[in-house]
Structure formats: structure tokens, C-alpha cells
Amino acid sequence: MGRIFVVDLEGRTFTCKSCKTHLALADELFSRAFHCRRGKAYLFSNVVNITAGPHEERMMISGMHTVADIFCCCCGQLVGWKYEVAHEKSQKFKEGKFALESRGKIMDGADSEFYIDTRLSISDAEDA
């Protein structure tokens, strides 16, 4: 195992709640209308300071996807998943994007939890 090099981001950042490591810039936020088993999630075009687990097939409300769980590179906290392959034609826009879980996993750079919108929205929730 080698030395961990952490990328420090400039601007409004989303960080790991456990260790405050930078994960993404607000400018990379693609959508706030996602859900996971544990609540709200946000879709990002790019994230940093993560490691990815193995690819696996998951059935989600929007259909079958090949995803990889992503973890904070500093503390190992599960922070979300990466969409590798979307099997439904209408979901191809998700490929290569990252979903970060907001409840208990990530925070904004000002050390406050994200606002959780409780309005009903169409999103990508896992069935499990």
C-alpha cells in the first residue's frame, strides 16, 4: 500500500462527514433528486478522494444498473456509488456519474448538513 494523496478543492465543497475530506465541488452537482436505501442522495459529474469497490448489478427503481460502491479514501466511510453502466436506454445519462448519500455521509464545507428536501420527487431509489 502506498501513501494517500488527498486533493484539496477550492470553492464550495461537499465533504465526508466522518473526516471532513473534500469529495466534490458544488459546481459538479448534476442533480439533487436521487434517493438511496438510507435517504436522500445527490448526483455529481465528478468526485475526488474516493476508492471504488467491485462492480455489481443492482436493481433500482429506474431499472438495472452496474454500479460500484465508493468510499472516502481517508477514513473508508461508504459515501455512495458510481454508475458504471445503465441497462435502460433512458438512464444512459447516469453512466460515469457519482451518487453521494447526504444523510449521515456528506456535509457542505461550512460544517453543516445539507438541507434535505422532503417534497416528493421522481428519483432513483434502490429496491433493497
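Which backbone oxygen does the side chain of K40 reach? Select K40 together with R32: the side chain of K40 reaches the backbone oxygen of R32 at 2.9 Å. This is a polar contact, that is, a pair of N or O atoms within 3.5 Å; within protein, one must be able to donate a hydrogen and the other to accept it, and residues adjacent in sequence count only if both atoms are side-chain atoms.

The model is predicted: local features need pLDDT of at least 70 and side-chain atom pairs count only at pLDDT 80 or more, while totals for chains, interfaces and linings use all residues. Residues are numbered from 1 along each chain as its sequence is written, and side-chain values use heavy atoms, with hydrogens and water left out.

**The sheet**

K40 belongs to strand β4; helices (H or I, at least four residues) and strands (E, at least two) are DSSP runs, numbered from the N terminus. K40 is buried, at 7% relative accessible area; buried means under 20%, exposed over 50%, and partly exposed in between (1.4 Å probe, protein chains only).

Next, colour the open sheet of six strands, which has the order β3-β4-β8-β7-β6-β5 with antiparallel pairing. Two strands pair if DSSP finds at least two bridges between them. The edge strands, β3 (29-36) and β5 (50-60), each pair on one side only. On average, neighbouring strands of this sheet are turned by 30 degrees against each other, direction ignored; axes are lines fitted to C-alpha atoms, for helices over the stretch in contact, and angles run from 0 to 180 degrees between N-to-C directions.

Move to the antiparallel pair β4 and β8, joined by four bridges; here Y42 has L100 in β8 as its bridge partner. Then turn to β5 and β6, which run antiparallel and are joined by nine bridges. A hairpin of two residues connects β5 to β6, and T51 stands opposite F71 in β6.

**A68 in β6**

Select A68, in strand β6. A68 is buried, with a relative accessible area of 0%. Leaving aside neighbours within four places in sequence, the contacts of A68 (heavy atoms within 4.5 Å) include A52, P54, H55 and W81.

**The cores**

Display F44, V47 and L100, which touch the most other members of the largest nonpolar core, a set of 13 residues. A nonpolar core is a set of buried Ala, Val, Leu, Ile, Met, Phe, Trp, Tyr and Cys residues joined through side-chain atoms within 4.5 Å. Strands β1 (13-16), β2 (22-25), β4 (39-44), β6 and β8 (98-101) each supply at least two residues of this core. A second, separate core of nine residues includes F34, V67, Y83 and A99. Centre the view on L100: beyond four places in sequence, L100 touches residues including L23, A41, I70, V79 and I106.

**Aromatic pairs**

F30 and F93 are stacked, at 6.2 Å centre to centre with 25 degrees between the planes. Because F30 lies in strand β3 and F93 in the loop between β7 and β8, the pair ties together parts that are 63 residues apart in sequence. F30 is partly exposed, at 43% relative accessibility, and F93 is also partly exposed, at 38%. The rings of W81 and Y83 have centres 6.1 Å apart and planes at 75 degrees, so this pair is edge-to-face.

**The final stop**

Finish at G76, in the loop between β6 (63-72) and β7 (78-86). G76 is partly exposed, at 44% relative accessibility.

Notes: Rings of Phe, Tyr and Trp (its six-membered ring) pair if their centres lie within 6.5 Å; planes under 30 degrees apart count as stacked, over 60 as edge-to-face and the rest as tilted.
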